[in-house]
Amino acid sequence: MIAKLIWRNLWRNSRRTLITIASIAFAVLFAILMQSLQEGVFNNLIKNVVNYYTGYVQVHQKGYWDEQILENSFTEDAQLFTKLQKNKAVTEIVPRLETFVLASNKNITKGCVLIGTDTDKESRLTQLQNKIIKGTYFKNNDEAVMLSEGLAKRLQLKVNDTIVLYGQGYQEVMAAGKYHVKGILHLASPEMNDNFVYLPLKTCQYFLTAENRLTTLSLGIDNPKNAEKLTEELENSIGKEYEVMTWQELMPDVANHIKADGFSFYIFSGILYLIIGFGLFGTIMMMTVERTFEFGMLLAIGMKKSTLKIILWSETVLITLCGILLGMLLSFPVTAYLKKNPMQLTGDLAKSYEQFGFEAIFPTEVDVNIFINQSLIVMVMALLIGLYPLWFVNSLNPVKAMKK
């Protein structure tokens, strides 16, 4: 009987019910869209930054990160590679030998970062081949360098010129060599673009008298959100002689920047929830006051206040559920469309993003957890606001109510 009365009450004034459902649906839509956009922008930023160079996770000899010298390198170990490959979350392993050297052309000399790397794996992880602006990409058996654009300009070098590298090799052996420039790269980070020079791994190991030695294994992973969990698993599986670091530990400045932006997101979320809350409260209050005569009459003919409260609470729950379902149904195509066709920045703002290697886009993230979390928040708000009609009925005088 009560269920039938609740259902009839909902549709006795269908416009009132539909307005309330629409209010809750738009609240869910805006909340989901805001968090999807925030997650999408952050994930895209992380992907851009990590794909510069570091990868999501790196493996070093214990102590290398604190003192980055060749003496803290480690021997290429097939068993280590096997252990890493056994973890299904690892999608790519890029071996590198990195050090600091002097690069020279004629009477110009500049300090730079030398990276010996597997050319094919490097390109798969960091898309290095796509960053060529002049020349061609090097191969693993080449004795040639890829120069960053700023360094090439500083040394006045172009493709097919010869560069001289010299520095300190493994176990303090003097290292010196001449290599022709096979290609010039534009790297996103200005610091990298002014200082990086790449050699094929074997050529670099020979140059530094560090045969079969590596300083870094840079890992690509299947899901960036699992980087910390993967790090713990690898620390347990590969042994204590190695250190495993996430991109957050490798680039704390970027990680802190994202955390700071995340804090501002919570402020904006709070403002949005306030707007949503006041909007819902206004709608519920208007609907409640509008039914004052109805409530007074029901109480006058003998309905208990407790029964009327159950009816009103049930109406609120049903309307809230309908609004949330509608909001989720509206949100999915919108977020999916914006993920596939992200908002494009234009003008000077887009140029400044592209200058630092960031894609000038604002994509969304389609994640079921976002839909569930935001819907639950709006549901709790709606149910708390739904206490107002109960308070209203509790203090209602039937005689006075019917006179209004």
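Phe138 is buried, having a relative accessible area of 1%, where buried stands for under 20% relative accessible area, exposed for over 50% and partly exposed for what lies in between (1.4 Å probe, protein chains only). The model is predicted, so local features need pLDDT of at least 70 and side-chain atom pairs count only at pLDDT 80 or more, while totals for chains, interfaces and linings use all residues. Residues are numbered from 1 along each chain as its sequence is written, and side-chain values use heavy atoms, with hydrogens and water left out.

Rings of Phe, Tyr and Trp (its six-membered ring) pair if their centres lie within 6.5 Å, and planes under 30 degrees apart count as stacked, over 60 as edge-to-face and the rest as tilted. By this rule there are 10 aromatic pairs, and two of them are set out here.

| Pair | Centre to centre | Angle between planes | Kind |
|---|---|---|---|
| Tyr137 and Phe138 | 5.1 Å | 75° | edge-to-face |
| Phe332 and Phe371 | 6.4 Å | 55° | tilted |

Because Phe332 lies in helix α12 (residues 305-340) and Phe371 in helix α14 (residues 368-385), their pair ties together parts that are 39 residues apart in sequence; helices here are DSSP runs (H or I, at least four residues), numbered from the N terminus. Phe332 is partly exposed at 47% relative accessible area, whereas Phe371 is buried at 7%. Tyr137 is also buried, with a relative accessible area of 11%.

How values were computed:
Helices (H or I, at least four residues) and strands (E, at least two) are DSSP runs, numbered from the N terminus.
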